[in-house]
Amino acid sequence: MPETLRLLTDRFDTPIGEMIIVADHDGNLRAVEWTDHEERLQRSLRLHYGRNGFKLEPAKNPSGLSDVMKRYFAGELAAINALPVQTAGTPFQREVWRALRQIPHGTTVSYGKLAAQIGRPNAVRAVGLANGSNPIGVVVPCHRVIGSNGSLTGYGGGLERKRWLLNHEDANPQHKKQTASLPLQLT
């Protein structure tokens, strides 16, 4: 029987609501969610690790991850670029999530452009589904993906949060050209 994955959780306030992070004992960020969507977090963890494959344990600022997230919300956008992340998911989902980390702060891409960037221009809907099932929002910036006509489209945390995140990043133009430096690790 596989060993139960022990995961650490912390909660903290942001300008757009209380956030919960989930990390492993090696310091990898495993999930990020808004506490008003905590049931979705539980479903995602069960999907990725199995109903009895993980145990959540409260922790204060695991591996300094909460502090890094707070720095992002305080305007230090590049703080999250090098955060180590690790998750389950299908190979296609992980490919999309890796591509999301390459979208620079202050910019957006359409689902079609993201599909083309990963070499699958006809997989726009699949890219949208993978984007929507991203367990590490903000750090794996699914909020930077918009409709082909430039409209804000679905975001798990709500369109108001998506709008806030995009405005927050655009308000710091010195960070626009910085991209994520660490790829998503595969499990």
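Questions on a predicted model

Q: How far apart do the end C-alpha atoms of residues 12-86 lie?
A: In this predicted model, the span 12-86 is 28% helix and 31% strand. UniProt, in an unreviewed entry, places the feature "domain: Methylguanine DNA methyltransferase ribonuclease-like" at these residues. The end C-alpha atoms of the span lie apart by 21 Å.

Q: Which residues is Met69 in contact with, leaving aside its neighbours within four places in sequence?
A: Met69 is among the residues with the most contacts inside the largest nonpolar core. Leaving aside neighbours within four places in sequence, its contacts are Phe12, Met19, Ile21, Ile80, Leu83, Val138 and Val139.

Q: How many residues does the second, separate core have?
A: Ile20, Ala31, Leu41 and Ala88 are included in this second core, which is separate. Its residue count is 9.

Q: Is Gly27 buried or exposed?
A: Gly27 lies in the loop between strand 2 and strand 3. Not counting residues up to four places away in sequence, Gly27 touches Ser63, Leu65 and Pro84. Its relative accessible area is 7%, and buried means under 20%, so Gly27 is buried.

Conventions:
Residues numbered from 1 in each chain as written. Predicted model: local features only at pLDDT ≥ 70, side-chain atom pairs only at ≥ 80, totals over all residues. Heavy atoms only, no water. Core = buried A, V, L, I, M, F, W, Y, C linked by side-chain atoms within 4.5 Å. Buried < 20%, exposed > 50% of the residue type's maximum accessible area, 1.4 Å probe, protein only. Contact = heavy atoms within 4.5 Å. Helix = DSSP H or I, 4+ residues; strand = E, 2+ residues; numbered from the N terminus. UniProt positions renumbered as here; feature names shortened; annotations may be inferred.
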